[in-house]
Amino acid sequence: MTSCKFSFTDSDLLTYNIYNVNDTLFFRNKVNDLDTFVISSKTIVNKGWDENTGWYNPPVANVTFKDLPKNNYGLTVIRWATSDTIVQDCSIIGISKRSPGSEIKETIGFKGFIGDIDRKKQKTNEFDTNIFGVIYKVPSFDMTTVSDLTEITHIYWSDKFGIIAYDLKNGDRWNLILK
């Protein structure tokens, strides 16, 4: 069964390679409030067949972030063996592939937002494509769950810069500050 193991191609990892560990992302809204994040880790897990569980595990690539200064969006996790409580950084982009010939699934997770990049249906011209290239306006999975005025409704994704902006339910837009 280990011969069934396969890997991502270079083109599969386009979104994974945008960010590097310790990259800092600064976003500003129209009243000059600042939101700051740092890329905390990048991992690719390509386990394949697990003889202990009998499950096949396709490759998964993940990039995590934390917001500065407090990591408010981290997930609290209890380690059962030691009963320690830790804060685990959240995924900003996750990539998975079910089989060698299948298309990848690119999922953005950011400040409670979850949505998939659909390269065929989400292109938008709301930003300068000379600077950012092709932009995708990614909606949240289920808009009925967006109940708080501070929750994100759309993320704007660029294959050059990653997240370049996000819209909140209250109409506020936060834009990436390019340095």
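**Close-up views of salt bridges and strand pairing**

**View 1. The side chains of R119 and E106 meet in a salt bridge, with N and O 3.0 Å apart.** The model shown here is predicted, so local features need pLDDT of at least 70 and side-chain atom pairs count only at pLDDT 80 or more, whereas totals for chains, interfaces and linings use all residues. Residues are numbered from 1 along each chain as its sequence is written, and side-chain values use heavy atoms, with hydrogens and water left out. A salt bridge here is a side-chain nitrogen of Lys or Arg within 4 Å of a carboxyl oxygen of Asp or Glu. R119 lies in the loop between strand 10 and strand 11 (123–124), while E106 belongs to strand 9, so this pair ties together parts that are 13 residues apart in sequence. Strands (E, at least two residues) are DSSP runs, numbered from the N terminus. E106 is buried, with a relative accessible area of 5%, whereas R119 is partly exposed at 26%; buried means under 20% relative accessible area, exposed over 50%, and partly exposed in between, with a 1.4 Å probe and protein chains only.

**View 2. R119 also forms a salt bridge with D159, the closest N and O atoms being 2.6 Å apart.** This pair links distant parts of the chain, since R119 sits in the loop between strand 10 and strand 11 and D159 in the loop between strand 13 (152–158) and strand 14 (162–168), 40 residues apart. D159 counts as partly exposed, at 23% relative accessibility.

**View 3. D35 and K111 are joined by a salt bridge whose closest N and O atoms are 2.6 Å apart.** The partners come from distant parts of the chain, D35 from strand 2 (residues 34–45) and K111 from the loop between strand 9 (105–110) and strand 10 (113–116), 76 residues apart. D35 is buried, with a relative accessible area of 14%, and K111 also counts as buried, at 16%.

**View 4. Eleven strands form an open sheet with antiparallel pairing, in the order 10-9-8-5-2-1-15-14-13-12-11.** Strand 10 and strand 11 are the edge strands, each of which pairs on one side only; two strands pair if DSSP finds at least two bridges between them. Strand 9 and strand 10 run antiparallel and are joined by four bridges, and T107 has D116 in strand 10 as its bridge partner.
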